[in-house]
Amino acid sequence: MRFALFFLLLSPAFLSSLAAQPTNDEKQTAPPLMGWSSWNTYRVNISDELIKKQADALVQTGLKKAGYTYINIDDGFFGHRDSTGRMHTHPVRFPHGLKEVADHIHALGLKAGIYSDAGSNTCGSIWDNDTHGVGAGLYGHESLDARLYFNEWGFDFIKIDYCGAGQELDLEEERRYSEICRTIREVAERPVSVNICRWAFPGTWAAGMARSWRISPDIRPEWASVKSIIRKNLYLSAYAGNGHYNDMDMLEIGRGLTPVEEETHFGMWCIMSSPLLIGCDLTTIPEASLRLLKNKELIALNQDRLGLQAHVALHQGEGYVLVKDVEQLQGRTRAVALYNPSDTVCRFRVPLEILELEGKAKVRDVVRQQSLSPIEGTLCMEVPPHGVRILRMEGEGRSEPSLYEAEQAYLPCFDDLGKSPKTVAYAPMPGTSGGMKIAYVGGSRENYAEWNRVYSQQGGRYDLTVAYIPGKYRKLQIEVNDGEPILIDRLCETAEGTDVTARVTVSVQLKAGYNTIRMGSPYCWAPDIDCFRLKRTSD
Ligand code: GLA
């Protein structure tokens with residue numbers, strides 16, 4: 001009897017019933033925005049009739065019912081500022097102003113989005129010869145514009161570009177966006193969703209003021225563009241969460257990619273929890289593209305209640321395996337992407353333990369909405385060039401993770417603005433696990449790497465082994481859950497044989513549930529870090 005109870009307690013079903021209890025960020029978070037935006041197809045050539053037709057089409061195509069609820073007017077509506085500074089709409093494109101357009105959108109049960117620039121001039125005035133965009137930006141007109149756009153016209157969303165602020169005024173991003181967002185919070189009489197458009201990951205401050213922030217230059221309806229945006233987002237999952245998202249830019253579905261590329265584009269935007277803003281002409285959208293955009297199971301991964309972005313669990317050959325929890329943290333169901341950016345077939349062989357799934361796993365192809373045969377041991381699949389398989393997998397149990405890659409870490413000082421050559425960064429390095437390391441960690445108290453979802457089922461003592469790239473004059477300080485820092489000041493200066501990494505092990509105490517581990521060095525550079533592993537030693 002005692003034996004039976006013992007085995008019952010060890011069974012995967014029992015252990016997974018101990019899965020992490022809901023935490024703050026597991027409670028319903030605002031999901032990524034879904035809707036349509038005018039830029040990709042029309043650039044500045046928009047009008048009131050055009051926007052209203054697209055809004056009507058969003059309803060008629062069933063896209064509203066599928067969850068797409070925003071109609072965002074991008075650059076091109078500006079007319080001129082009068083002597084009081086008040087903005088007027090374009091005399092030909094929007095002769096009756098924007099309020100009646102926003103009213104039309106709202107009457108359909110949708111939400112309305114608008115666009116501006118953090119500087120004086122819009123991007124359209126620089127790149128599309130739209131002279132009406134000169135002086136149309138928010139710079140110096142923050143309160144006036146906020147009152148007009150949100151309180152008078154009734155917009156619910158704003159995308160704030162940076163052409164005028166960056167190229168022309170050379171303003172500092174964090175300060176400039178803080179000023180604008182503070183004004184919007186003070187002035188707007190309705191909730192306003194803000195998108196920061198700086199064409200690169202702007203910095204961790206963005207999450208404190210915006211729902212989403214662009215991480216890349218403008219998307220184009222070409223595979224090379226889709227692939228480079230996915231590449232940029234592969235190691236940014238630590239910055240998404242709690243209702244704030246990395247924005248991979250508007251969708252190019254229905255604009256000439258091949259069917260396989262469209263699946264990859266939409267599938268990856270879904271599993272990486274990017275906002276989903278359709279960018280094609282909805283009145284002529286091809287049937288297959290429309291069906292893809294309405295795929296309920298893919299949308300469910302994007303709008304999942306946990307609001308997580310999938311992270312890279314394995315880089316195999318040219319392919320990447322991405323994974324995220326859905327529905328429940330540390331539960332038995334996970335969303336998985338087998339992504340092949342290359343120009344030849346990828347043959348994936350993924351041990352289930354990498355996905356932290358135990359026993360026989362049920363497999364559902366989310367793109368095709370088909371259940372596949374359950375698998376045990378290793379998931380084997382071929383993925384065509386530029387393709388992806390997006391799967392929903394359910395194991396009999398969930399195992400405790402033991403490997404934490406450096407490229408999954410949250411780096412509080414990270415940005416991708418390229419303004420300083422020695423900022424903390426995710427960098428490719430052959431011979432490391434996952435082919436990536438983090439570089440330029442340390443040198444100050446603030447510049448550390450943090451893993452805040454280090455999970456222990458029962459808590460206890462663990463050996464923590466760090467794989468690092470040896471270098472001269474490095475120290476490594478490790479902190480677990482704000483405990484006493486462990487300082488390692490005798491690190492190897494060279495690796496052995498053909499290894500590119502060296503290892504050091506310390507003993508740490510983890511509590512049951514999620515733990516936070518920080519690594520850095522307040523005194524000097526820490527070594528570049530490849531990954532760390534955990535091995536339970538006792539209770
Ligand atoms: C920038 C943005 C685009 C679009 C244009 C408008 O290029 O990144 O998404 O808004 O400006 O001019």
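## Cavities

A cavity is a set of grid points where a 1.4 Å probe fits but cannot get out, and this predicted model holds five cavities of 30 Å³ or more. The second largest cavity has a volume of about 50 Å³, and its lining is made up of Pro31, Pro32, Leu33, Phe157, Ser193, Val194, Arg211, Ser212, Tyr245 and Pro275. Sorted by class, that lining comprises seven nonpolar residues, two polar residues and one charged residue.

The largest cavity has a volume of about 60 Å³. Around this cavity stand Ser37, Asn72, Asp74, Phe157, Lys159, Asn195, Arg214, Asp247, Asp249, Met250 and Leu277, and these lining residues divide into three nonpolar, three polar and five charged. Phe157 belongs to the lining of the largest cavity and also to that of the second largest cavity.

## The largest pocket

The largest pocket holds about 1200 Å³ of space. Its lining consists of 49 residues, and those nearest the centre of the pocket are His311, Arg334, Tyr404, Gln408 and Arg453. By class, the lining has 22 nonpolar, 15 polar and twelve charged residues.

Four strands, namely E11 (311-316), E12 (319-325), E21 (403-405) and E24 (449-456), each contribute at least two residues to this lining, and E24 gives the most, with five residues. Arg453, one of the residues nearest the centre of the pocket, lies over the face of Tyr514, at 5.3 Å from the ring centre.

## The second largest pocket

The second largest pocket contains about 500 Å³ of space and is lined by 26 residues, with Pro191, Val192, Ser193, Val194 and Arg211 lying nearest its centre. Helix H9 (173-187) and strand E7 (193-196) each supply at least two residues of the lining, while the largest share, three residues, comes from H9. The classes represented in this lining are 15 nonpolar, six polar and five charged residues.

Ser193, Val194 and Arg211, which are among the residues nearest the centre of this pocket, are also found in the lining of the second largest cavity.

## Aromatic pairs

The structure holds 18 aromatic pairs.

Are Trp451 and Phe532 buried or exposed? Trp451 counts as buried because its relative accessibility is 3%, under the 20% that marks the limit for a buried residue, and Phe532 is likewise buried, with a relative accessible area of 0%. Elsewhere, ring pairs link Phe201, Trp213, Tyr239, Tyr410, Phe414 and Tyr426 into a cluster.

## The surroundings of Cys163

Cys163 is placed in helix H8 (residues 163-168), and with a relative accessible area of 2% this residue is buried. Leaving aside neighbours within four places in sequence, Cys163 is in contact with Asp117, Asn121, Thr122, Cys123, Ile126, Trp127, Glu168 and Trp199. For Ile126, one of these contacts, the separation from Cys163 is 37 residues in sequence and 7.8 Å in space, taken from C-alpha to C-alpha.

Note on methods:
Residues numbered from 1 in each chain as written. Predicted model: local features only at pLDDT ≥ 70, side-chain atom pairs only at ≥ 80, totals over all residues. Heavy atoms only, no water. 1 Å grid on protein atoms, 1.4 Å probe; cavity = no way out; pocket = protein on both sides within 12 Å on 5 of 7 lines; lining within 4 Å. Points joined across faces, edges and corners; volume = space filled by probe spheres on them. Nonpolar A, V, L, I, M, F, W, Y, C, P; charged D, E, K, R; others polar. Phe/Tyr/Trp six-rings, centres within 6.5 Å; stacked < 30°, edge-to-face > 60°. Buried < 20%, exposed > 50% of the residue type's maximum accessible area, 1.4 Å probe, protein only. Lys NZ or Arg CZ within 6 Å of the ring centre and 35° of its normal. Contact = heavy atoms within 4.5 Å.
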